[in-house]
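I am opening a notebook on this structure.

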Amino acid sequence: MTNHYIDLKNSDCILIMGSNAAENHPIAFKWIMRAKDRGAKIIHVDPRYTRTSARCDYHVPLRSGTDIAFLGGMIKHIIDNNLIQEEYVKYYTNASQIVSSGYDFKDGLFSGYNQEKRSYNKDTWTVEKDEKGIPVRDYTLENPRCVYQMLKKHYERYTLDQVSSITGVSKENLLKVYQEYGATGAKDKAGTECYALGWTHHTTGSQNIRTMSIIQLLLGNMGICGGGINALRGEPNVQGSTDHAILYNILPGYLKMPSGSIDTLQKYNDKYTSKSTDPQSANWYQNYPKYTVSFLKAMWGDKATAENEFGYSWLPKMDDGKHYSILHTIDSMYAGKIKGFFAYGSNIAVSSPNSTKVRKGLQKLKWLVNVNIFDNETASFWKAPGVDPKTVDTEVFLLPAAASMEKEGSQSNSGRWVQWRYKAANPPGDALSDGDITMRIIDALRDLYQKEGGACPEQLLNLKWDYKDAWGKFDVLKASKIINGHYTKDVTIEDPTGKAPKEVNLKGELVPTFAKLMADGSTSSGNWLMSGSFEQKGVNKMMKRGKEDPTGLGLFADWSYAWPLNRRIIYNRASCDLNGKPYNPKMKLLEWVGDKWVGDVADGPWPPLGDKEKGKYPFIMKADGVGAIFGAGMVEGPFPEHYEPLEGPLAKNPFSPQLVNPTITIFKSDLDKVANADEKFPYVCTTYSCTEHWCTGFTRWQPWLLEMMPEAYMEISEVLAQKLGIKNGEKVKVSSVRGEIPVVAMVTKRMKPFQVEGKTVHEVGIPFNYGWRWPDGAADASVNHLTPSVGCPNTFCPEYKAFMVNIRKA
Amino acid sequence: MKQELIKLIDLSRCTACRGCQVACKQWNEMPASKTNNFGSYQNPPDLQWNTWTLIRFQEIEDRGGNVKWLFRKDGCMHCTDAACIKVCPTEALYHTEFGSVALKAHKCIGCKACIPACPFGVPKMNTATNRISKCDLCYTRLLANQPPACVLSCPTGAITFGDRDAMLAKAHKRATELGGDASVYGDKFVDGTHVLYVLTEKAEVYEHLPTDPKMPLSIIVWKDILKPAGLITAGAVVAGAFLHYITHGPKTPEEETTCEGGKES
Amino acid sequence: MKITRRRFLSMSGAIGSGLALSSLGLDLTALKAHAAGLGKMDRIRTAKQTTTICCYCSVGCGLICSTDRLTGKIFNIEGDPDHPINEGSLCAKGAGLFGLTEVNSHRLRKVLYRAPKSDKWEEKDWNWTLQRIARLVKDTRDADFITKNDKGEVVNRLESIGHYGSSNIGNEECWTLSVACRAMGLVNIDHQARV
């Protein structure tokens with residue numbers, strides 16, 4: 001989230017699209033209802049009418065996988081009706097920049113496409129720069145090659161008729177949403193967007209979000225109270241686990257994972273350090289080397305020295321262009337290339353797409369370590385229905401873990417609030433915290449390498465691995481301080497003006513903020529974003545429980561710690577005009593008073609942009625300092641374009657000859673079958689969670705929750721049920737080209753057929769929380785038996801939200 | 001009476017997150033039953049001895065053909081003129097100082113008289129203990145100045161709690177604000193209930209919600225004629241059975257109880 | 001004293017519901033017994049109270065756990081009214097957090113091990129388990145470690161071990177896990193952020 005949960009109350013219009021907030025983030029709805037009480041409009045756009053729809057002003061059903069078409073139509077509406085926040089668009093976005101002449105878009109493809117590699121050469125996705133290297137701008141926005149005009153041109157095709165025909169949304173409903181949301185372009189109005197897996201679970205997932213980001217920039221809704229683009233994330237610490245990069249492509253603090261071609265730290269830093277010659281751009285990522293070196297110092301401790309490039313060579317390196325997401329790992333596993341697998345607090349036999357492939361892959365492992373608080377379908381894969389244990393050679397370890405209230409530590413919510421939780425009781429039996437388990441496994445492994453040597457022992461033995469407390473347990477506070485960072489030697493900082501006294505920092509003291517991190521090895525920080533969360537004088541800011549809210553905006557600056565630097569709303573300088581006065585005086589998030597910002601922790605101390613000498617653009621993490629309407633960072637194009645899901649009901653994309661996202665990776669195993677526009681699988685299916693369950697269903701082990709949602713079901717419209725002769729509550733079988741599962745049919749008025757390209761398209765929905773392992777006698781009803789192994793090319797987040805099925809009576 | 005308290009359930013604010021349904025079980029330490037999906041989000045299908053509150057899910061189409069999904073938190077209404085108390089031969093059911101209806105379980109003899117008497121179908125039999133089981137509006141929490149578990153759990157302000165007059169005023173204000181078919185339910189019968197609804201639709205639209213709940217006439221007769229004669233504990237079972245006979249005839253109200261007693265079946 | 005309590009227990013019907021409960025996996029028998037002797041509110045007044053953050057979605061709601069000072073067991077978890085986000089409220093999953101504690105008989109209490117071709121779990125102690133896992137990791141790593149790729153670039157990685165999870169553990173655990181994976185040379189590293 002760029003904003004945070006309580007801030008939802010400050011909005012004038014909340015578009016819930018790609019989310020079922022009332023069901024999956026019920027407490028978020030507390031704040032959505034507060035906004036509604038203030039008179040805000042609450043709109044739900046979703047294939048299904050859900051508990052969220054029931055409490056919104058209105059619900060707009062949309063065919064799964066057509067969000068870009070829907071939002072592209074909104075961009076067109078905003079431009080055609082001049083609803084933009086003009087000053088904001090001109091000065092705080094790249095709308096005024098001039099797109100390079102080589103850039104083109106034709107027949108659904110952008111310039112630079114390589115059919116064979118299924119990827120783009122992005123050389124033409126650039127903007128013109130002057131002799132100093134600063135982007136050329138046309139503040140009239142009239143230059144036909146300026147981003148604004150190019151955007152207008154790109155979405156010219158997204159007419160009401162066309163969008164309605166593709167999405168299945170009536171023109172009346174489209175207009176209603178466009179007008180309502182477009183009205184938040186007024187300077188004193190805020191519109192926000194809540195999304196979740198409903199947007200990410202598509203082969204166009206990242207671009208779904210980017211389309212909305214463009215809308216938010218056009219309407220001046222980023223960086224303001226009640227605005228922003230807000231991912232309601234699905235797991236308690238998924239923000240933290242992402243920040244700390246349990247991911248193949250990044251290192252903690254969103255530093256890039258190096259590849260073999262970048263053989264020195266110098267080259268690595270050169271490549272990823274953001275460059276700008278514009279004096280008005282803060283270009284925050286120019287500090288990149290400070291964060292890299294501080295991370296390496298935290299990881300390798302004293303072993304990291306300037307001479308050995310702070311241990312850069314010990315980091316594992318990827319191959320250029322190769323990916324290692326779970327989709328790729330499972331593909332390798334199924335191909336027999338993975339021998340061992342660690343699954344912490346996870347259940348890939350249920351959660352990953354194409355479960356049949358996943359489960360066959362698990363059978364090829366030599367060993368599997370699963371850390372969990374309950375058994376699950378992954379740990380017990382060797383005795384799954386249809387599997388003969390005698391044929392499975394895998395050694396399996398199921399390690400008992402502590403539950404969250406049985407251990408201490410911090411966790412980060414989607415609003416970036418890093419909150420502390422305390423230990424209320426010991427875990428049962430032999431169960432240990434995940435931190436303890438990791439510590440002990442690595443301890444045992446280091447012992448072996450110490451004694452026996454082996455392949456590249458430096459990686460393990462040079463690791464700073466000092467997390468034991470006096471009782472031999474994982475010391476959470478110690479880890480927390482390592483993440484915050486230390487001075488690794490005495491550092492004295494002179495005030496350049498000579499006015500202030502010298503700042504003396506002693507070796508071992510905690511670094512007060514990431515602004516103090518250095519690239520020379522004199523500081524360490526496990527994750528620069530968290531630098532400042534722990535004070536040298538002993539205050540753990542994550543534990544803060546101050547309840548004061550002097551602004552009434554719900555910032556609660558004294559409650560927990562929000563990264564970065566306790567900033568509650570990111571890019572908050574964009575809430576003020578060129579002179580630092582808030583666009584909406586009633587929601588005064590920040591204001592330039594005299595020579596400083598007053599309010600939330602500002603995105604940097606510099607004056608507002610109006611100060612031609614020292615002023616800076618508000619989007620400080622971007623090299624050019626402005627919001628990217630033209631976004632060259634994306635894999636599939638600088639402007640989002642509608643493509644059909646990998647499996648959909650249409651044989652042809654009405655917008656272009658390019659049916660599906662041209663840059664998706666197609667896996668080629670014998671189990672990766674696809675059936676697009678195939679009469680054998682005529683119905684669109686989508687998947688989701690419900691309030692009562694969580695993810696792959698470790699809630700199934702909890703009787704109170706299981707009682708409420710005891711078994712897998714499929715929501716189906718009355719029309720389709722009648723057509724197929726299916727009665728409410730009846731057992732049915734649902735199949736895709738990849739598998740079949742039994743579920744209970746829930747015949748409902750809440751699902752309605754769509755009219756798409758002149759024909760009736762039916763959509764059904766199945767929750768993904770179920771599996772055979774529990775409750776006793778449960779059917780093998782994991783809906784991921786049906787889903788395809790394909791993902792968004794930017795993130796490899798799988799397409800769980802749109803694929804094709806058939807239904808028959810059981 | 002110490003202080004008459006009312007729980008207000010504003011259905012226009014409920015998201016059916018069922019925090020209340022679980023919070024009730026958590027606080028009152030009640031088990032789950034084994035259930036099946038019968039084609040609805042609702043489960044268990046009805047109130048049970050171990051489910052004192054339940055969100056009922058109901059889909060309707062309004063006159064304009066718009067789908068509405070109605071959520072109603074069902075449970076004890078805590079009547080002022082409470083039939084269950086009137087028929088209870090052992091005074092196991094009683095009014096607390098807050099106006100709520102609570103149960104002294106050790107006094108219950110399992111006569112089941114309260115089951116058919118209640119116009120809302122609230123008291124349920126726990127066959128494992130042979131005693132009645134029902135919501136007591138978290139009596140021990142009220143004594144400690146804590147809101148009932150369901151009230152604390154509610155995220156959206158659909159369930160609020162407070163003094164009778166304040167809650168009545170709030171309910172009527174909200175119903176007026178909502179307009180249309182919205183109304184207040186609970187203040188006009190059985191001398192007023194200590195649970196009020198703000199309904200968004202006409203009362204008759206809601207399943208399992210009596211439009212005109214009242215105490216069965218037979219109970220009034222029985223109470224006036226027989227109860228003054230007094231009942232001693234030893235004779236209570238017989239009296240209870242007799243009471244059941246005169247109010248409902250010889251058929252046993254087994255269907256009204258949750259027979260499983262929490263067993264898996 | 002003991003007799004009185006037992007007698008009270010059988011009278012209050014706690015055994016019946018306790019048994020029923022354990023048959024579905026949530027054993028509240030001890031709680032009931034305790035509660036029968038002492039009101040729950042009284043127990044809360046004398047309990048150790050700790051705050052926690054919900055372990056389900058990412059809203060970050062606050063809860064209060066009440067732990068019996070004598071037994072060290074949690075006996076009640078409810079919303080934290082002081083928490084600015086949830087203000088005491090909880091959804092179905094949050095309100096049921098207590099069902100995740102030790103009272104849940106399905107909680108794993110021992111290391112379970114399944115040998116190749118075996119059709120059953122065996123209980124193991126931590127010492128054996130850690131030694132065995134370390135041995136398997138080392139053998140795999142030593143056999144498959146890639147010092148240089150096809151282009152001759154130094155890559156120091158291991159592709160034959162994968163790691164997945166978790167976004168349901170604390171930040172300090174995430175960070176150590178993240179660097180531990182890199183220290184083993186892993187590149188197949190992923191977790192629920194991607195689903």
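Among contacts in chain C between residues at least 6 apart in sequence, what percentage join residues at least 24 apart? I find 41%, where two residues are in contact if their C-beta atoms, placed from the backbone, lie within 7 Å.

I note that this is a predicted model, in which local features need pLDDT of at least 70, side-chain atom pairs count only at pLDDT 80 or more, and totals for chains, interfaces and linings use all residues. Residues are numbered from 1 along each chain as its sequence is written, and chains are lettered from A and ligands numbered from 1 in the order in which they are written.

Chain C. I looked up its 195 residues and found 60% buried (20 or more other C-beta atoms within 10 Å of a residue's own, placed from the backbone). The chain has seven helices and eight strands (DSSP runs numbered from the N terminus: H or I of at least four residues, and E of at least two). The domain assignment, automatic or from a database, gives domain 1 (1–37), domain 2 (44–107) and domain 3 (111–194). I read 32 Å between the C-alpha centres of domain 2 and domain 3 of chain C.

Chain A. In helix H7 (160–167) I list A:Val163, A:Ser164, A:Ile166 and A:Thr167 as buried. These pack against helix H4 (67–80), helix H8 (171–182) and strand E26 (754–756) of chain A. Just after H7(A), A:Gly168 has a positive phi of about 80°.

Chain B. I located B:Cys111 in the loop between strand E5 (101–103) and helix H3 (114–117). B:Cys111 counts as buried because 23 other C-beta atoms lie within 10 Å.

Conventions:
Buried ≥ 20, exposed ≤ 12 C-beta atoms within 10 Å, placed from the backbone.
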